[in-house]
Amino acid sequence: MDLLWDAATPLTANELRAALEAGGAAAGGRDVAATTVLTVLSRLETKGFVDRTRESRPHLYTAVSGRAEHTAELMHEVLGTASDRDAALARFVGQVSPEEAEMLRTLLASRDQA
Amino acid sequence: MYAAAAVLALIAVALAWPVPIALARASWPSRTPGRALALWQLIALAGGTSMIGALLLFGFAPFVGSGAADAGLLLSGLISGPLPTGVGAVHIVALGAAVLLGAHLLLNLGTTAVRAERSRRRHHALVELLSSPVPGRPGTRMLDHAAPVAYCLPGMHTVTVLSEGLVELLDRDQLDAVLAHERTHLRQHHHLVLLAFTAWNSALPWFPIANRAERAVALLVEMLADDTARREVDAATLATAIALVGSAWGDVAHADVLGAAPRQVSATGPASAGPQASPPVTGAIGARISRLLAA
C-alpha cells in the first residue's frame, strides 16, 4: 500500500511485485509470489482502498485516496469529530472542553510544585 | 386488569423520569461503578418492558380468556370484525402502541449494531493500513500521529491503538496504565453496554433521560476500566496520565487534524489559582481524576 501511495502513476501487479522484492532485498531479501500480490490487491480493492482499471491488460492499480486523506478520516473518527457517531470508540480520554483542559493543566502544575 | 396496567404504567413513568434523575445525581456510583452500571441496565430494561407491558395489559383488559386465545380473537375481530364486546378503539390503540414501541426499540438496536459493526470494520482496515504493530506487545498498534490518543477496537481481533503523540507525552509507567485501562474495556466487553445505550438514545431522541443515561454509562465504563487498571498500576500514575492526555486534548481537538503538531500549550494557568490550591476539575474527566486521587 505504501508503494501505491508513493507511486505517481498507476502500477501493474508485476511492477508492484518487483518493487516489493527490491524493498525486501534491502531488509534481508525475500521472494514475493505474484499470486500473493494479486490476493492482497484484490482484498484492498474490496475494502475500497485500491482502484483497478479494467481496460488495459495487465490491470493497472491506483490508490483510491492518499495516505493523508485516510489518516484524516481515521483521526476524525478517533477524535470524535466525524459526522457519523456510529464509530463509538472507547477512547482513553474522551472529549475535553478547552476550559477543562485549562483546569487540568493547572492541576498538573500544582502537583509538580507540591 | 386495569389496576395492574395502572401500576405497571406508574412503574414505567418512575423508571423513565425520577429514578434515572436521582441515579444521575447520586454520588455513590463513582465509588461502585460496577453496581451503578448494572442498575442503569436494569432501569433501561425494566422501563421499556413495563411501558410495553402496561399498554398490553390495558389493551387486553376486556378479554377474559388465555393470552393466546385472546390474541386469536383480536386478530379475527380486526380482520373480519366484529370486535369482541367491550373492546373499544382505546384498547386497539394501546395494543398498537405496544407493538410499535417494542418493534421500534428492537429495530433500532439492530440497525445501531449493524452500523457500528460496519464502521468498526472500516476503522479496523484503516488502522491496519496506517499503523504498525508494537514489538513485544501483541494486540497493540502504533499510529504515526502527533495527537496523543489511545483507544481500543473490539471485535474478532481486538486491537489497542496508541499514537506517537501519546508515547511522547507519557512515561513508561503511565503508558502501562493506559494499556491496562484499554485492556479492561476489551475484556469486559464495554462496547456492548455502550451500544445498547446508544441505540436507546437514538430510538428516543426526544427523551432527555436516554441521553443522560448514555453519558452516565459512558463515564461509568471509564471508571470501571480505571478501577481495574488501578490493580496493576499506581492510582496517581493513572490520574496523571488522564490529566496529561486530557490537557493536551483541548489543543488537539481544535487544531486541524492534519496539522502535524498541536498548538503550543500555554504554560501558565489562571493567575488566581495559588500553587497549593488544586482547583476542582469539573466534568467527566474531573470526576475520574478526583476519585483516583481520593482513593
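In the hairpin formed by β3(B) and β4(B), five residues lie between the strands, and B:G155 adopts a positive phi near 135°. Helices (H or I, at least four residues) and strands (E, at least two) are DSSP runs, numbered from the N terminus. This is a predicted model, in which local features need pLDDT of at least 70 and side-chain atom pairs count only at pLDDT 80 or more, while totals for chains, interfaces and linings use all residues. Residues are numbered from 1 along each chain as its sequence is written, chains are lettered from A and ligands numbered from 1 in the order in which they are written, and side-chain values use heavy atoms, with hydrogens and water left out.

Strand β3 (residues 150–153) of chain B runs antiparallel to β4(B), and four bridges join them; two strands pair if DSSP finds at least two bridges between them. Within this pairing, B:A150 stands opposite B:L162. Strand β2 (residues 140–143) of chain B is also joined to β4(B) by four bridges, but in the parallel sense, and there B:T140 faces B:T160.

Strand β4 (residues 159–163) of chain B is largely enclosed by the rest of the structure, because five of its five residues are buried. Buried means under 20% relative accessible area, exposed over 50%, and partly exposed in between (1.4 Å probe, protein chains only). In a regular strand the side chains alternate between the two faces of the sheet. In β4(B), B:V159, B:V161 and B:S163 point one way, B:T160 and B:L162 the other way, and all are buried.

Chain B as a whole has eleven helices and four strands, and buried residues make up 44% of its 295 residues. Helix α4 (residues 67–80) of chain B contains B:L75, which counts as exposed because its relative accessibility is 51%.

Chain A has an open sheet of three strands in the order β1-β3-β2, with antiparallel pairing. At its edges stand β1 (11–12) and β2 (50–53) of chain A, each with a single partner strand, so one side of each is left without a neighbour in the sheet. Two bridges link β1(A) to strand β3 (residues 60–63) of chain A in the antiparallel sense, and A:T12 stands opposite A:L60 in β3(A). Helix α3 (residues 34–46) of chain A lies across β2 and β3 of chain A, at about 110° to β2(A). Such angles run from 0 to 180 degrees between N-to-C directions, with axes fitted as lines to C-alpha atoms, for helices over the stretch in contact; contact means heavy atoms within 4.5 Å.
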